[in-house]
Amino acid sequence: MDLFKYEFGYGWLYNYGHLLPIAVSGVLLLVAWRSEWPRWVRAVAGVGVAWGVAGLLIVQLVLRFNLPMMLPTESFLASGQGTVLDGGAGSGRSSLMVLLERPQAKVIGVDLYEGDYGIGDNGPERLMANARRAGVAERVEARVGDLRDLPLEDESLDGAISAFVIDHMGRESRDKAFAEIHRVLRNDGQFLLVVVNPDVWIRTAWPFFVHHGYWGSSGSHDRWQSEVESAGFEVEERDTIPGALYVLARKTFSPARLTRASSRVSRVTLEPLRALSD
Ligand SMILES: C[S@@+](CC[C@H](N)C(=O)[O-])C[C@H]1O[C@@H](n2cnc3c(N)ncnc32)[C@H](O)[C@@H]1O
């Protein structure tokens, strides 16, 4: 596992900030030991070092800030083939997840590449540089675009993912994004939604983490499932992975859509015939 192979651009504080408490508490521990300061000072310094080490390991090895994400479920794109949208692809952690774990698949990464999402120099070039490092650049295309108004044809994709993006949006934007993902997927296409879940890993690494519903319930599976279902998807699976929860859904054949479509067909084809026969 090469922790320095990729440059996803997440800031130093996120990636290596725990080195600060390790250094400060480590020095304090050393001085307290040598100078025979009271035992409680050594205990506090020891806890500081232990927390710093735990936080660093969690960020690097469990939350994988500097590594491609791992596919949360084997059920996503089980055929291993097809073209997948990565909505809000950023510097490529989520795109590389699909490209590495589904070696026959292609990815179209779409991102606004505006605003501050913690990624330095966020742009298509950074995503493509990471794809080259992984040896998968020929299977990915990075486009600038808005998840709420995707620059993609109707029913043109076999799968879609969106990781740590839609949970940054307000309700109206989320509804537009889900509707757009539904529009661009072929019938039977799958959608994998991944959002931050401030679980024990995140709260251990960052006890003062105040984003993504730390104080509220925005991480609830039920809420995400109902929003995804409102967009017309059928939810197949939901679960958690360290630091996140995911919902796997499918665009299913919809009888209501068939009824609408067949009534359009009968208007177009049968009514002129009826008019002729009258
Ligand atoms: C926290 S980053 C996640 C990036 C990547 N999916 C990952 O897991 O590393 C959020 C990304 O969403 C993008 N984003 C935010 N709003 C967007 C929108 N409306 N359309 C497309 N991308 C958007 C940001 O530019 C940023 O790159």
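# Close-up views of a predicted model

The protein chain holds nine helices and seven strands. The model shown in these views is predicted.

**View 1. The chain as a whole.** Of the 278 residues in the protein chain, 35% are buried. Contacts between residues at least 6 apart in sequence join, in 71% of cases, residues at least 24 apart.

**View 2. The largest nonpolar core, with Val84 and Leu193.** This core has 49 residues, and Val84 and Leu193 are those with the most contacts inside it. The element that gives the most to this core is strand β5 (residues 185–196), with seven residues. Another core, of six residues, lies apart from it and includes Val59, Leu63, Ile202 and Ala205. In soluble globular proteins, nonpolar side chains tend to be buried together.

**View 3. Surroundings of Val84.** Leaving aside residues up to four places away in sequence, Val84 touches Leu77, Val98, Ala105, Val107 and Leu157, and also Asp158, Gly159, Ala160 and Ile161.

**View 4. Helix α4 and what covers it.** Helix α4 is largely enclosed by the rest of the structure, because seven of its nine residues are buried.

**View 5. Packing of α4 against α5.** Helix α4 (residues 93–101) packs on helix α5 (residues 124–134) at an angle of about 25°, and their axes are 10 Å apart. At this angle α4 is roughly parallel to α5. Their crossing is right-handed. On the α4 side the contact involves Ser95, Leu96, Leu99 and Leu100, which meet Leu127, Asn130, Ala131 and Ala134 of α5. By class, the residues of this contact are six nonpolar, two polar and no charged.

**View 6. Packing of α2 against α3.** The angle between helix α2 (residues 19–34) and helix α3 (residues 39–62) is about 155°, with axes 8 Å apart. The two helices are therefore roughly antiparallel to each other. The crossing of α2 and α3 is left-handed. From α2 the contact takes in Leu19, Pro21, Ile22, Val24, Ser25, Gly26, Leu28, Leu29, Ala32 and Trp33. From α3 it takes in Val41, Arg42, Ala45, Gly46, Gly48, Val49, Trp51, Gly52, Val53 and Leu56. These residues divide into 14 nonpolar, five polar and one charged.

View 7. Asn66 lies in the loop between α3 and β1. This residue is buried, since 21 other C-beta atoms are within 10 Å. Apart from residues up to four places away in sequence, Asn66 touches Leu3, Tyr6, Phe8, Asn15 and Gln60. Asp2 belongs to the segment before α1 (12–16). Although Asp2 is 64 residues from Asn66 along the chain, their C-alpha atoms are separated by 9.2 Å. Asp2 counts as exposed, with 8 C-beta neighbours inside 10 Å. In the other direction along the chain, Arg93 is 27 residues from Asn66, and the C-alpha atoms of these two are separated by 8.3 Å.

View 8. Glu36, in the loop between α2 and α3, has phi near 55°, a positive value in a residue other than glycine. Glu36 counts as exposed, having 8 C-beta neighbours inside 10 Å. Phe164 sits in the loop between β4 and α6 (171–184). Its phi is near 60°, again a positive value in a residue other than glycine. With 19 C-beta neighbours inside 10 Å, Phe164 counts as partly exposed; a residue is buried if 20 or more other C-beta atoms lie within that distance.

How values were computed
Residues numbered from 1 in each chain as written. Predicted model: local features only at pLDDT ≥ 70, side-chain atom pairs only at ≥ 80, totals over all residues. Axes fitted to C-alpha atoms, helices over the stretch in contact; angles between N-to-C directions. Helix = DSSP H or I, 4+ residues; strand = E, 2+ residues; numbered from the N terminus. Parallel < 35°, antiparallel > 145°, perpendicular 65-115°, else oblique. Left-handed = near helix turned anticlockwise from the far one by under 90°. Contact = placed C-beta atoms within 7 Å. Nonpolar A, V, L, I, M, F, W, Y, C, P; charged D, E, K, R; others polar. Buried ≥ 20, exposed ≤ 12 C-beta atoms within 10 Å, placed from the backbone. Core = buried A, V, L, I, M, F, W, Y, C linked by C-beta atoms within 7 Å.
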